Amino acid sequence: MPIPLLICDDSKMARKQVQRSLPDGWDVEVTLATNGQEAMEAIRAGKGEMLFLDLTMPVMDGYQVLEAIQREGHKTLTIVISADIQPEAYSRVMALKALDFIKKPVDRVKLSEVLHKYGLV
Amino acid sequence: MSNALTFNEDQRDCLQEICNVAMGQAGDSLARLLNVFINLSVPYIRLIKAEEVHQELRSLINAPQVSAVRQAFYSPQGNQGLCGESIVIFSDASFQELAHLMAFEGRELDARAEQELLLDISNVLNGACLNGIAQQLEEQLGYSAPSLIGQHIPVEQILDKEKLTWEHALSIKIGYTLENHAFQCDMLMLMPGAAISHLMSVLDQFLEDF
Amino acid sequence: MAAPAALSLLDRVIDRVDTGILIVDPEMRIQLWNQFMVTHSQRSAEEVLGKNLFDCFPELPQRWFERKLNGVLILKNQAFTSWQQRPFLFRFSHNRQVTGGVEHMYQDCTLTPIFDDAGEVAYVCISIKDVTEVGIYETRLKQALAQLEVASHTDGLTQLFNRSHWEERFRQEVARVQRYGGKVTLLMFDLDHFKKINDTWGHQAGDEVLRCVSSRLRRALRNVDVAGRYGGEEFCVFLPSTELAGGEYVAERIRKTMARTPVEHEGRSISISVSLGITEFRDPGQSHEQLIKEADAALYFAKENGRNRFACFQQLPR
């Protein structure tokens, strides 16, 4: 059965960039969200076992999504993909139980490294 | 240059994301320089005509008095490539905060050290942000030394002595705020029409590769 | 340069340009030292190559410069320094020894990262431009502008503040006491029978009298008092943080110093005297214009009552 994968970013290009960087033949069913609110709705609907999450977004940002996931007790595995590359941003999302952090711009190599690290592919 | 110089939706989205990434890099540089955490917000990008610059400045910058620094950037392709001037504007109120943060061993900064700080921070932001944009677009940029436009001047005076030879300006408002400090600086990239046309074609190419 | 036997074209150019070029590695060891640097530092390339920059030049502002260099290394970004904020990096002498009026070479520096194949900063190239000429001209321009500003505030004949500048200063002082409280006393005075002096002895004598009055006035005042030529033979002074009683004291001193000694002009002694009017700032509603009118009224009263005397607005008969 394919893994329900949610990609959340306000930029169309960034979402495409992530989709393009997914490993070949990875059995996933992709849902797209353009802000945190949409992402939470998708997660509640069971479409987000895995989440690739941007931080800086309008309406509801990535930090708030991580908090909401914890609060609502979802089992979502979140990998943050962000342009905010300050060490402090990294430690903040890790404290909010993100699985890992990838610096933008994302590419195939970086993404598959992280996925391999956690045995996800 | 035609008045039809506007970004389509894809170009805008693409530039926005490129600026996001570049801003992230610039924010990281500033954070390392100041040893503080920088709160990033979504950059506000607009393409304006030169004659709208003053109005744009007034609406962007919500401060009675500011200090401003200019720095030119240029490409090895000359004025056919990415080139123009970047203006970094600090509100006076926020700069005092910053000067406080940077004061060595509690000593207040003297006027020269204050100017140096303005120039250094502008240089770091311009370098990091513009290099970030250029790298993603696989372009190269060089920079002139930054120079002071003025300190403690009203917003209207930032460009009032200048004869604007730019037809269009790409206005990128990047609000860097420091946690627990009132600090905001804004960046305005002014480019001649040819450079903006060039930017558009590079964006199109970038989008085609998708 | 770590010079091979045959110098390349590039090496020759680097040694001929009128710009200082040096390269350091991340440990601040000098890797390149061009002829400009040799000439101005009087240190040969052999002496400095491979050595730590700060060991060779302990007079460099190390902390500041290291911060700059670290910025280049960490942020991988160019950095700049300008003579306007920091006149020089290296303490070099310059080529305007005779006419320059400055002690050291003004320098604009650029610090450029040089990357290795892995994209890391392997070296920092520091180029140093001699901008002494620019610096001298800018400094002179600033001086000229400052002189111009003084000139636009000063009355040519008496070297006191002119009316518009004095009035602006007085307006600010009144605004200050209106807002923050405090005292200010205003004193206006006029030369007695000045028209007669002009008519009898000529305008040059009249000018000499005005010059003499203003120099006596300056000597009679404290540093904080602000004097101006209000017009013709009329003068004005405001005394910050001073009550009416203090103003009376100053007025009497001015009256005496003017009347005591005649003015000498081309062998003639010209006797002079002045009449003065005084008023003080009393309530926050008073504008500076009102105060000037009051002092003028008191001055008129002093004239009417025999000249060579002062009168206070507060003591005028109603």
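# Sheets, helices and chain contacts in a predicted model

An open sheet in chain C of this predicted model has five strands in the order β7-β8-β6-β11-β12, with mixed pairing.

Biologist: Which strands stand at the edges of this sheet in chain C?

Modeller: The strand order in chain C is β7-β8-β6-β11-β12. Each edge strand has a single partner strand, so one side of each is left without a neighbour in the sheet. The edges are β7 (226-231) and β12 (310-312) of chain C.

Biologist: In which sense do β7(C) and β8(C) pair?

Modeller: Five bridges join β7(C) to strand β8 (residues 234-240) of chain C. C:Gly231 stands opposite C:Glu234 in β8(C). The sense of the pairing is antiparallel.

Biologist: What angle does the direction of helix α10 of chain C make with that of β11(C)?

Modeller: Helix α10 (residues 244-260) of chain C packs on the sheet. There it touches β6 (184-191), β8, β11 (274-280) and β12 of chain C. Its direction and that of β11(C) make an angle of about 170 degrees.

Biologist: How many helices and strands are there in chain C?

Modeller: Chain C has 318 residues, of which 32% count as buried. Of its contacts with a separation of 6 or more, 58% are between residues 24 or more positions apart. The elements of chain C come to eleven helices and twelve strands.

Biologist: Turning to chain A, is the pairing in its five-strand sheet parallel or mixed?

Modeller: The elements of chain A run β-α-β-α-β-α-β-α-β-α from the N terminus on. Its five strands form an open sheet in the order β2-β1-β3-β4-β5, and the edge strands β2 and β5 (100-103) of chain A pair on one side only. The pairing is parallel.

Biologist: Which residue is the bridge partner of A:Ile7?

Modeller: β1(A) and β3(A) run parallel and are joined by four bridges. A:Ile7 has its bridge partner in β3(A). That partner is A:Phe52.

Biologist: What angle does the direction of helix α3 of chain A make with that of β4(A)?

Modeller: α1(A) touches β1, β2, β3 and β4 of chain A, and its direction makes about 145 degrees with that of β1(A). Helix α3 (residues 62-72) of chain A touches β3 and β4 of chain A. The angle between α3(A) and β4(A) is about 175 degrees.

Biologist: Which residues of α1(A) are buried?

Modeller: A residue counts as buried if 20 or more other C-beta atoms lie within 10 Å of its own. For α1(A), the cover includes β1 (3-8), β2 (28-33), β3 (50-53) and β4 (77-82) of chain A together with α1 of chain B. The buried residues of α1(A) are A:Met13, A:Ala14, A:Arg15, A:Gln17 and A:Val18.

Biologist: Which helix of chain A gives the most to the side of chain A that touches chain B?

Modeller: 15 residues of chain A are in contact with 19 residues of chain B. The side of chain A that touches chain B divides into six nonpolar, three polar and six charged residues. With five residues, the element that gives the most is helix α1 (residues 12-20) of chain A.

Biologist: And which element of chain C gives the most to the side that touches chain B?

Modeller: Twelve residues of chain C are in contact with 15 residues of chain B. At least two residues each come from α5 (62-75), β3 (79-81) and β4 (107-115) of chain C. By class, this side of chain C has four nonpolar, six polar and two charged residues. The most, three residues, come from α5(C).

Biologist: Which element of chain B has the lowest mean pLDDT?

Modeller: The mean pLDDT of chain B is 81, and 89% of its residues reach 70 or more. Among its elements, strand β3 (residues 65-74) of chain B has the highest mean, 91. The lowest, 70, belongs to helix α3 (residues 92-102) of chain B.

Notes:
Residues numbered from 1 in each chain as written. Chains lettered and ligands numbered in written order. Predicted model: local features only at pLDDT ≥ 70, side-chain atom pairs only at ≥ 80, totals over all residues. Contact = placed C-beta atoms within 7 Å. Nonpolar A, V, L, I, M, F, W, Y, C, P; charged D, E, K, R; others polar. Buried ≥ 20, exposed ≤ 12 C-beta atoms within 10 Å, placed from the backbone. pLDDT = per-residue confidence, 0-100. Pairing = 2+ DSSP bridges. Axes fitted to C-alpha atoms, helices over the stretch in contact; angles between N-to-C directions.
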